[in-house]
Amino acid sequence: MSEELKCSQCGGQMVPKKKTERNMGVQVAGVLVFMLGLILCFTGLGAFFGVPLMIGACFMGYKKKKIMACTSCGYFFERV
Ligand SMILES: [Zn+2]
């Protein structure tokens with residue numbers, strides 16, 4: 001499928017891209033989960049749960065979105 005999309009703002013070429021969206025509320029929760037994992041690490045055996053928890057917390061609040069972005073003006077819209 002070759003979709004030649006033109007930008008509605010400047011007529012430039014639209015290319016498929018991925019956009020990372022941050023969610024502040026979830027990020028705050030991620031920090032709490034990270035600290036919980038850190039505390040678990042100090043309990044010895046808890047490190048088995050604490051380490052994956054800390055790694056998982058780093059990815060909390062980030063969401064990958066598929067978008068079409070204009071190469072010339074930066075205009076974009078979400079793809080369904
Ligand atoms: Zn444009």
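Start with contacts across the whole protein. Residues 24 or more positions apart account for 59% of the contacts with a separation of 6 or more. Here two residues are in contact if their C-beta atoms, placed from the backbone, lie within 7 Å. The model is a predicted one: local features need pLDDT of at least 70, side-chain atom pairs count only at pLDDT 80 or more, and totals for chains, interfaces and linings use all residues. Residues are numbered from 1 along each chain as its sequence is written.

**Whole chain**

Colour by secondary structure. The protein has two helices and three strands. Helices (H or I, at least four residues) and strands (E, at least two) are DSSP runs, numbered from the N terminus. From that end, the order reads β-α-α-β-β. The radius of gyration is 20 Å, well over the 12 Å that the globule rule gives for 80 residues, so the protein is more spread out than a compact globule. That radius is taken over C-alpha atoms, and the rule is 2.2 Å times the number of residues to the power 0.38. Along the principal axes, the C-alpha atoms fill a box of roughly 60 × 25 × 20 Å.

Now colour by burial. Of the 80 residues, 8% count as buried. A residue is buried if 20 or more other C-beta atoms lie within 10 Å of its own, exposed if 12 or fewer, and partly exposed in between; the C-beta atoms are placed from the backbone.

**The sheet**

Select residues 14–22 and 62–70. These are β1 and β2, and they pair in the antiparallel sense over nine bridges. Two strands pair if DSSP finds at least two bridges between them. Show two cross-strand positions here. Lys18 stands opposite Lys66 in β2. Thr20 stands opposite Lys64 in β2.

Ile67 stands opposite Glu78 in β3.

View the three strands together. They form an open sheet in the order β1-β2-β3, with antiparallel pairing. β1 and β3 stand at the edges with a single partner strand each, so one side of each has no neighbour in the sheet. From one strand to the next, the twist averages 40°. Axes are lines fitted to C-alpha atoms, for helices over the stretch in contact, and angles run from 0 to 180 degrees between N-to-C directions.

Zoom in on Lys66 in β2. Is this residue buried or exposed? Lys66 counts as exposed, with 11 C-beta neighbours inside 10 Å. Leaving aside neighbours within four places in sequence, Lys66 is in contact with Pro16, Lys18 and Arg79.

**Helix α2**

Select residues 47–58. This is α2, with 12 residues. Its first and last C-alpha atoms are 16 Å apart, close to the 16 Å expected at 1.5 Å a residue. The expected span is 1.5 Å times one less than the number of residues.

Which residues of α2 are buried? They are Gly50, Leu53 and Ala57. Seen down the axis of α2, these buried residues fall within an arc of 70°, so they line one face of the helix. The arc is that of the directions from the helix axis to the C-beta atoms. An α-helix has 3.6 residues a turn, so residues three or four places apart point the same way.

The buried residues of α2 pack against α1 (24–41). Turn to the face away from the buried side. It carries the exposed residues Phe48, Pro52, Ile55 and Cys58. Phe48 counts as exposed with 11 C-beta neighbours inside 10 Å. From Phe48 to Glu78 the C-alpha distance is 39 Å, at 30 residues apart in sequence.

**Across to α1**

Last, select Val33 in helix α1. Val33 is partly exposed, with 17 other C-beta atoms within 10 Å. Not counting residues up to four places away in sequence, Val33 touches Leu53, Ala57 and Met60. Draw one more distance, to Gly44: 18 Å from C-alpha to C-alpha, at 11 residues apart in sequence.
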